[in-house]
Amino acid sequence: MPTARVKWVDGLQFVGTDSGGHSVVLSGDDQQDGVRPSEMLLVALASCSAVDVVDIMKKKRKPLTRLEVVITGDREPDPPWPYRTIQVVYHAQGRGLTDKALSQAIQLSTEKYCSVAATVSGVADIQTRYEILPDV
């Protein structure tokens with residue numbers, strides 16, 4: 001079973017460590033001290049989906065040469081400030097990459113495979129779009 005641990009460092013700074021021993025510095029409102037937990041959720045969603053998309057495209061025999069996922073969230077104005085909508089934009093590049101293959105990979109990720117999307121989608125509306133970059 002995956003286990004994470006968060007240890008308080010000082011002030012509002014913490015270090016989170018996953019079950020594999022990988023760590024990240026987190027903090028409250030001061031971004032100079034670390035990643036805000038609410039933004040870490042966006043990082044988790046973007047990276048979870050990115051892993052799926054890269055893997056799906058490889059299985060489709062249309063491997064990507066580049067993928068960048070830009071994610072933004074619109075939050076409620078009052079506590080606990082949950083995300084209302086999350087916009088996920090995939091910037092992809094690869095030889096022979098098609099709209100159909102990439103859109104299917106993104107849909108499979110966000111609707112079937114990404115556990116973070118499955119968890120968040122009950123609260124926030126996840127909206128996706130993509131851009132295919134010219135292969136150079």
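I looked for aromatic pairs and counted zero. My rule was that rings of Phe, Tyr and Trp (its six-membered ring) pair if their centres lie within 6.5 Å; planes under 30 degrees apart count as stacked, over 60 as edge-to-face and the rest as tilted.

I noted that this is a predicted model, where local features need pLDDT of at least 70, side-chain atom pairs count only at pLDDT 80 or more, and totals for chains, interfaces and linings use all residues. Residues are numbered from 1 along each chain as its sequence is written, and side-chain values use heavy atoms, with hydrogens and water left out.

**A charge over a ring**

I then looked up Arg75. I found Arg75 over the face of Tyr83, 5.2 Å from the ring centre. A charge counts as over a ring if NZ of Lys or CZ of Arg is within 6 Å of the ring centre and within 35 degrees of the ring normal.

Next I traced the strands. I took helices (H or I, at least four residues) and strands (E, at least two) as DSSP runs, numbered from the N terminus. Two strands pair if DSSP finds at least two bridges between them.

S1, S2 and S3 form an open sheet of three strands, in that order, with antiparallel pairing. The twist averages 25° from one strand to the next. I counted five bridges between S1 and strand S2 (residues 13-17). Arg5 has Thr17 as its bridge partner in S2.

**The sheet S4-S5-S6**

I found another open sheet of three strands, ordered S4-S5-S6, and its pairing is mixed. Strand S4 (66-75) and S6 are the edge strands, each pairing on one side only. Here the twist averages 15° from one strand to the next. S4 and strand S5 (residues 83-93) run antiparallel, joined by 10 bridges. Arg66 is bridged to Gln93 in S5.

Helix H1 (residues 37-59) packs on this sheet and touches S4, S5 and S6 (contact means heavy atoms within 4.5 Å). The direction of H1 makes about 145° with that of S4. I found helix H2 (residues 99-113) across S5 and S6, at about 155° to S6. Axes are lines fitted to C-alpha atoms, for helices over the stretch in contact, and angles run from 0 to 180 degrees between N-to-C directions.

**Val136**

Is Val136 buried or exposed? It counts as exposed, at 93% relative accessibility. Buried means under 20% relative accessible area, exposed over 50%, partly exposed in between (1.4 Å probe, protein chains only). I placed Val136 in the segment after strand S6 (125-132). Val136 and Gln93 are 43 residues apart along the chain, and their C-alpha atoms are separated by 8.8 Å.
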